[in-house]
Amino acid sequence: MREEELVNLVRKVQSRKTEFQNVELKATAGGFPKRIYDTLSSFSNQDEGGTIIFGLSETDNYEVVGVYDIEDAQKKAMEACNQMEPKVRAVFTNTEIDGKYVLAAEIPPVEYYNRPVFYQGAGRIKGSYIRVGESDELMSEYEIY
């Protein structure tokens, strides 16, 4: 994603005041989110993948709150991606919006025969998620198999 595309995506989210089937927001002004495994799993398990935007806050009226440290946030996101099975290979873009930095992690879809992508720490049954609207939902055993 180019920087202009990221700016346009942030403005679209702000104007509609909602996340999307393929866009998740994480406010990271005060540090990296405690968990993003569910979103990594759900985006990897849908055909179009998805984008996580760090530095935009739902609870603050979709304002740009910025990322505490772009390099550290990207490093921690990559560490989380490496804890998925199969590993997730995100593509990162950052830009400045309203005087603050925003980081996007594009999560590619995984081929159907390699799904479900799940968090290794929880295992296939408790670590596989699917995206439903703007929510990451735990997959049922039926959906997994």
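I take helices (H or I, at least four residues) and strands (E, at least two) as DSSP runs, numbered from the N terminus. This is a predicted model, and local features need pLDDT of at least 70, side-chain atom pairs count only at pLDDT 80 or more, while totals for chains, interfaces and linings use all residues. Residues are numbered from 1 along each chain as its sequence is written, and side-chain values use heavy atoms, with hydrogens and water left out.

**Positive phi**

I looked up aspartate 98 and found it in the loop between strand 6 and strand 7. Its phi is near 55 degrees, a positive value in a residue other than glycine. Lysine 17 sits in the loop between helix 1 (3-16) and strand 1 (23-26).

**Cis peptides**

I checked omega next. The bond joining glutamate 85 and proline 86 is cis, with omega about -10 degrees; proline 86 belongs to the loop between strand 5 (84-85) and strand 6 (91-97). Arginine 115 and proline 116 are also joined by a cis peptide bond, omega about 0 degrees. I placed proline 116 in the loop between strand 7 (100-107) and strand 8 (118-119).

**The hairpin**

How do strand 9 and strand 10 (residues 135-138) pair, and over how many bridges? They pair in the antiparallel sense, over four bridges (pairing requires at least two DSSP bridges between the strands). I noted glutamate 137 in strand 10 as the bridge partner of isoleucine 130. Two residues lie between the strands of this hairpin, and glycine 133 in the turn has a positive phi of about 65 degrees.
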